[in-house]
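Dear colleague,

Here is the structure I said I would hand over. My notes on it follow below.

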Amino acid sequence: MNPFEEDEEPEKPIPSIQVQLTATESLTVSPFHGLISRCFEGHLNIFVDSQDKNMAELIDRFVADLKIQGSSLAQAEIEGCCVLPSCADLFVFYKKCLLQCAQLSTGQPMLSLTSVFKKYLRESNNASSITPVLPMSMSSLTKDFTRELRDLSSGGAAGLIQNFQSLLKEGDMSNTSHKYNKDDIARICTILTTAEYCLETTQQLEGKLKEKVQPALADKVDLGPEQDLFGSHNQGVSTLNVPRKKHNGSLYTGFGVVAISVVSWFVYQGYLETRVNSPLTESKVAFPSSHDFPERYWGSFRPGVYFGMKSRDTHSLLAGLMWFMPDIAVAGNLNLRHLCDQGDNLEQYGWKEHDGKNFGVQVIIDKFIQLETSFITKLGGNHGGDWTARIHVEPRMKELVGQEVTLFFYLTLDDNGNGLLQPIKMIDNMDTSGMDANESVKFLGLSAVHGHTEKLGDFRVSFHHANQQSIVHTAFLSTTIGSPQHVKDALQSGLRLMEDKRSKERHISLARVLFPKEDKLKQPNFVVHQVTGKLPLQLEIVYESNSFVERGAMLRGEVYDVLLQKYRKEFRVQFESKFRLNEKGFSEEEQDFAKSAMSNLVGGIGYFYGSSKVQSVYNKEPVPYWNAPLYTAVPSRSFFPRGFLWDEGFHNLIISQWDREISFDIMAHWFDLMNIEGWIPREQILGSEARARVPEEFVVQKNNQGNPPTFFLVLDAMFKKRPVRDISTLELEQLNRMWPRLVGWYNWFNTSLHGPEPGTYYWRGRDTASIRELNPKSLSSGLDDYPRASHPTTSERHLDLRCWITLAAKVMASIADIVGRDGRKYHETFVFLSNNELLNAQHWSEKAKRYVDFGLHSTNVTLRRPKNIPGQPKPEKIRWVSEEPTLRFVDDTFGYVSLFPLMIEILQPNSPQLGQLLQDLRNPNLLWTKYGLRSLSKTSPLYNKRNTEHDPPYWRGPIWINMNYLVARALHHYSVVEGPHQTRALLLYNELRENLISNILREYRKTGYIWEQYNDANGAGQGCRPFTGWSTLVLLLMSETYV
């Protein structure tokens, strides 16, 4: 309530017949006007003194009330009282005094009353009046905080905002441990609102005083200083330099700034908290509908299962396969196969041929059987067309012919998918009158499933058995599940041991219809067809869209055979034209290996939908990213069946050589995951199927950690040395759509990961307080436990990151030229970072003659077990530092990081450092082996050392193919440019390439798999399998494809 905005009692209107008279009378003022009031004017000081006393008592009462009611202010504010009630009451009293005085005198007594008003405006503004309202810490902090704000203001607004975080964050406010809870914030907001109210009402009080006082005295009415007291918080930082009385400060000069600063900081803090999961507002790069690429609408986009089909929709229909052998099943363990799992110990599985668009052929070698799973997609209609999948099962040994195998093929809906699935039983469309019991069990399964979803429209999925004589038993299951991750559990829960009453034959069979009693709708979202038959056995599943009218013959049987052979032939021709392995003299077996390697990468492309869990330093708890789709390859179908950012760059070095359209589409989906900061979460765990396979501690992605920007490798390879006229219109369009996100990504790396000096960078996320790690990991670098400076600090310089950003600047400048953007700053950055003199100054150890990191480092760090306390569990080993760390080059370590200036081709061809690197590269006591380059030299202190008692070495010795590929590529580069090291580079290139290819092929023949890494002592594959992610780069080594 503002008392000065209320209308005073209006004067009685003058009747119209008196208007003229009144105007005339106004010319002659009565000589008696004001005589009585002037008689008392000399004694009106009594009135003024009385009001002074009344106001003093009023202020004391207000303070006493605040001491009692202060704790309830937050609640009062919630209920709608945003201004301290005492302040409103004070101004109501001022108004009454003003009106009384105006009736007695508008001369000098009103000026005296004005002085009293000024006195109590200042008194109400005194800190002691408001102390009961403040949070406990605020009163004592006002003075110090104001001083600190004054100091901060010299750094400008940006510095002020930046330092609010450090001044006000929990546990670090003016060296106190206080923090503000919601009630405190409400009180601060109430005080701030009261200050605004007092400022506005004081301005109106001044106006009323000037209006009432005699015109000759109006200029002497000035409440400006009092308005300043209340309004100082609106003056911003400038008021910090206008101090008031030192003994009490101005509450609103000091506290006003504090209050607005606190509230502003909390608003800013809320803004910072939302940045981590706010998408970049630039246009999306990926085309909005998957129907824009109808030939890739359906596919094997479920890499985590042995065989499955899926559309590129956010809530797709899912199809999948499970199998087991009833004759060898044991109680409690059917050995039911479904998810790709190393624990299944399959001899081999993987795609033999897969073009990423039209077809795929996979071979799965289980213990007793061999399955060939294949599929073909067919365009037509308005909903993505048709597809057919074929599962053909053969016994691996002749004596197993006639043994039984059970196949389950299921249909369900992806997370939160809505649709209808209606199972159609075989027996419903058959005449069973003359059928005996032995025959009837063959027809208890499904002939088809009719369905409908919003994106697919109406569709029909039918089941066909190639040889009805081999069928022993069929069955089905119709039920509901919570999410796709539960399909195996639901299927197993639906199995029953059934016995035919006449023949006494027993079958492990699905229980047909299973719904909870409380489910009244009985509308299934999980339908399974089961067929048990004698080996060999074949099942075809035909999906047909109702919108595909003129499809011709059903895609099965001979029609399927003919089309599959056509696609396989085209695949082989295209593969040779792309990679020319036959031309290079590789054997047919070696070419088949290479086709399989690439097919497994392309066949491992998945389509995911969901949201990541992310967290910034401003979030106390993880928050969900926005829901988004991701079309991406995966490193390993068994162990890493999800998207990894830095892996995907290496994947697309291969995919882009096979099909640029697919590669662009993959990159577009990744760049659409960029948030407003330019950050992309490095590991994408989208959807319930993916989330179920990842331990919770690895799910959350932190926005200060970003994987190496390997997509710049892809863009460099795709457009290096290509004239603009040779770049297609579609590619140019996609580059233009991608450009703002490339800018954001580059800026995030260049600004978020910069080091203390120009040209230096360091990976965030290393644990500075770790006591169990021998060397705190740098997971964001992708090199995990590769040794860095022993003691993480902000003074580190990470050589590999510097080289990645150098590459990024070079490619940004190149892309800018292609799309007609200003790329000068990127070119200048590349020139600066690629300056060999600066590189040497920051990363070359003259003592060790190698490129290295820099940081706070000790060479004497070990893991030791503390003394055991009797009766207590054996303590874990902890880190023991025997030598105090110093800021220095980390030159006791030599490994992949040391090779980055070579890998990224930053070194000048005549560089002495290049010569030294090439010399060291061939030293078997360092990195060289006959199987490839090991990740860490044998002379390094942490070579093959565990990082914790429980973590085996990962990047501390084993051979990794992605890094070896980059080295081989660089050696090839230096072997074709003139320089003193050209010949040595050529010799090393040929030998390294041969070593890598030979060992990977040898291990594939021996084990049936391409591996995550290879042992540096004997070349044996190790880690997870199959690892048809970046280890597939062996194909580019075989074809010598580097651009």
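Arg 741 is buried, with a relative accessibility of 0%. Please keep in mind that this is a predicted model.

The side chain of Arg 741 forms a salt bridge with Asp 672, at 3.6 Å from N to O. Asp 672 sits in the loop between helix H18 (660–671) and strand E23 (683–684), while Arg 741 belongs to helix H21 (residues 729–752), so the contact ties together parts 69 residues apart in sequence. Asp 672 counts as buried too, at 9% relative accessibility.

- Glu 905 and Arg 969 form a salt bridge, with their closest N and O atoms 3.8 Å apart. Arg 969 is in helix H27 (residues 961–976) and Glu 905 in the loop between helix H25 (900–903) and helix H26 (912–921), a separation of 64 residues. Both residues are buried.
- Arg 934 and Asp 1016 meet through their side chains at 2.8 Å, N to O. Asp 1016 is in the loop between strand E33 (1013–1014) and strand E34 (1021–1022), and Arg 934 in the loop between strand E32 (932–933) and H27, so parts 82 residues apart in sequence are tied together. Asp 1016 and Arg 934 are both buried.

There is also a salt-bridge network, which links Arg 296, Arg 312, Glu 661 and Asp 665.

On a separate point, Lys 455 lies in the loop between strand E10 (446–453) and strand E11 (457–465). Its relative accessible area is 40%, so Lys 455 is partly exposed.

Regards

Note on methods
Residues numbered from 1 in each chain as written. Predicted model: local features only at pLDDT ≥ 70, side-chain atom pairs only at ≥ 80, totals over all residues. Heavy atoms only, no water. Helix = DSSP H or I, 4+ residues; strand = E, 2+ residues; numbered from the N terminus. Buried < 20%, exposed > 50% of the residue type's maximum accessible area, 1.4 Å probe, protein only. Salt bridge = Lys/Arg side-chain N within 4 Å of Asp/Glu carboxyl O.
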